[in-house]
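Subject: Structure handover and findings

Hello,

Here is the structure I promised to pass on. Please open it alongside this note; the findings follow below.

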Amino acid sequence: MFAIEVAGMSGAGVKRSNEVLKVSYDQLNSVMRNIGRSGARILRVTPIDGTQPVATPTTPPTPAPVTTPAASKPATAHAQVPVNLYKPKNPFVGTVTENYSLLQDGAIGRVNHITFNLEGGDPQLHYVEGQSIGIIPDGEDAKGKPHKLRLYSIASTRHGDDMADNTVSLCVRQLEYKNEAGEQIYGTCSTFLCDIEPGAKVKITGPVGKEMLLPEDEEANVIMLATGTGIAPMRTYLRRMFEAKEREANGWKFRGKAWLFMGAPKTANLLYDEDFLRYESEYPDNFRYTKAISREQQNPKGGRMYIQDRVTEYADEIFAMIEDPKTHVYMCGLRGMEPGIDEAMTAAAAAKGLDWAELRPQLKKAERWHVETY
Ligand SMILES: Cc1cc2nc3c(=O)[nH]c(=O)nc-3n(C[C@H](O)[C@H](O)[C@H](O)COP(=O)(O)OP(=O)(O)OC[C@H]3O[C@@H](n4cnc5c(N)ncnc54)[C@H](O)[C@@H]3O)c2cc1C
């Protein structure tokens, strides 16, 4: 069970104070979507029984009238997107086929690309770009109970990295921090995944999520704001758009403009950088790749260069794109990135005489502003 704390719910024409809704895992997606549509705001999603908090989509404090023209439709009609084919009580057991580091020498931390074979399921576990899956790590928690699932954004397209239509890949950062006593702590599931060997069996649930689906319009424009492992969904979009084999298999020939803003602490921490550079050279009119490397680059004020500094730098071009109803914006990464982006967008909008606090809810309602942070 999960508790969803909501602000701005209304009933009988009266706005009510904050409320807490208790929902099961199965209902979570649809209830969160309905709250978003109602204009109420999700403050927090907390597990009642010890599962991790779930990404809270950014919803407007008060619904604003939609003046933004309707967006291009999502890639796959929402109703056709597979959801919860496998649930925590009856997970699919996949087999690890590869697990390798995505980092270069001198990088900070540990980030791995991990692939699972999904063959043999009934139903077959399938998914589309922009969804997540759940992983239930082996072992037990401190109370002796089986671990709860953790969600991970899918980093492969629906065809899988090998185009065989039967694998899923993830991009996982090992969580590590020092607790109050100064002890080094490593995350349970992220460590389980980063250490896992090919051949190992892993319990998988899902897929879940309809917040980050791609538009189906081949001429849509897609602005992507990613930090760290937030690159996972962006990698799937870019493969679908620009990998030759994908274009052939999909019959979907992207012709719009895609612009990736990627934030990382060091060059050695950039993820899938070589692929993105190749797309940039192969599709110079369609793909632009802008990096913010905080510990190596400086912003105009002499401080560290973060992704929001790049948003400020290119504000004019970003807003010119957003004015086009074919443009969608996707943001993914650690939750801490949101305030900085919001601040940059507020300043950039103000410079154009626009109010971001009004514009963002309109974009959200038009399904053109997609956020998944955790
Ligand atoms: C929709 C969604 C998509 C996600 N996609 C990805 C992805 O693509 N890649 C990825 O790597 N992760 C992703 N995550 C995060 C992932 O689900 C896990 O939360 C993450 O891997 C940590 O799990 P863990 O079991 O390793 O950590 P746990 O053992 O569960 O520890 C996490 C807990 O540690 C504590 N903690 C964490 N940091 C600190 C700190 N600095 N100081 C003190 N306490 C702290 C908090 O209590 C936190 O709840 C996603 C999350 C969501 C909701």
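First, a term: the domain bounds used here come from an automatic or database domain assignment. The model is predicted: local features need pLDDT of at least 70, side-chain atom pairs count only at pLDDT 80 or more, and totals for chains, interfaces and linings use all residues. Numbering starts from 1 along each chain, as its sequence is written.

**The ligand site**

Where does the ligand lie? Domain 2 (82-208) and domain 3 (212-373) both give residues to the shell around the ligand, so the ligand lies between them. The shell holds 22 residues, of which Tyr 177, Gly 187, Cys 189, Ser 190 and Tyr 374 come nearest. A residue counts as near if its C-beta atom, placed from the backbone, lies within 6 Å of the molecule or strand in question. Two or more shell residues come from each of β9 (150-153), β10 (167-173) and α2 (188-195). Helices (H or I, at least four residues) and strands (E, at least two) are DSSP runs, numbered from the N terminus.

By class, the shell has 11 nonpolar, 8 polar and 3 charged residues. Nonpolar means Ala, Val, Leu, Ile, Met, Phe, Trp, Tyr, Cys and Pro; charged means Asp, Glu, Lys and Arg; the others, Gly among them, are polar.

**The parallel sheet**

Five strands make an open sheet with parallel pairing, in the order β16-β15-β14-β17-β18. Its edge strands are β16 and β18 (369-373), each pairing on one side only. From one strand to the next, the twist averages 10°. Pairing requires at least two DSSP bridges between two strands.

Strand β15 (residues 258-264) is largely enclosed by the rest of the structure, because 7 of its 7 residues are buried. Buried means 20 or more other C-beta atoms within 10 Å of a residue's own; exposed means 12 or fewer; partly exposed is in between; C-beta atoms are placed from the backbone. In a regular strand, side chains alternate between the two faces of the sheet. On one side of β15, Ala 258, Leu 260, Met 262 and Ala 264 are buried; on the other, so are Trp 259, Phe 261 and Gly 263.

The neighbours of β15 are as follows. Strand β14 (residues 221-227) runs parallel to β15, joined by 6 bridges. Val 222 is opposite Ala 258 there. Strand β16 (residues 287-293) also runs parallel to β15, with 7 bridges. Trp 259 has Arg 288 as its bridge partner in β16. Between β15 and β16 the chain passes through helix α5 (residues 273-282), a right-handed β-α-β crossover. Right-handed means that, with the strands pointing away from the viewer, the path from the first strand over the helix to the second runs clockwise.

Further along, β14 is joined to strand β17 (residues 327-333) by 6 bridges, again parallel. Asn 221 stands opposite Thr 327. Then β17 and β18 run parallel with 5 bridges. Of the 5 residues in β18, 4 are buried.

**The antiparallel sheet**

Another open sheet has 6 strands in the order β9-β8-β13-β6-β7-β10, with antiparallel pairing. The edges are β9 and β10. Here the twist averages 40° from one strand to the next. Strands β8 (residues 132-136) and β13 (residues 201-208) share 4 bridges. In that pair, Gly 134 partners Thr 205.

**Backbone points to check**

- Asp 122 to Pro 123 is a cis peptide bond, with omega near 5°. Pro 123 is in the loop between β7 (111-117) and β8.
- Gly 206 and Pro 207 are also joined by a cis peptide bond, with omega about 0°. Pro 207 is in strand β13.
- Tyr 272 has a positive phi, near 60°. This residue is in the loop between β15 and α5. Tyr 272 counts as buried, with 20 C-beta neighbours inside 10 Å.
- Glu 367 has a positive phi, near 60°. Its place is the loop between α9 (356-365) and β18. With 18 C-beta neighbours inside 10 Å, Glu 367 counts as partly exposed.

Best wishes

Technical notes:
Axes fitted to C-alpha atoms, helices over the stretch in contact; angles between N-to-C directions.
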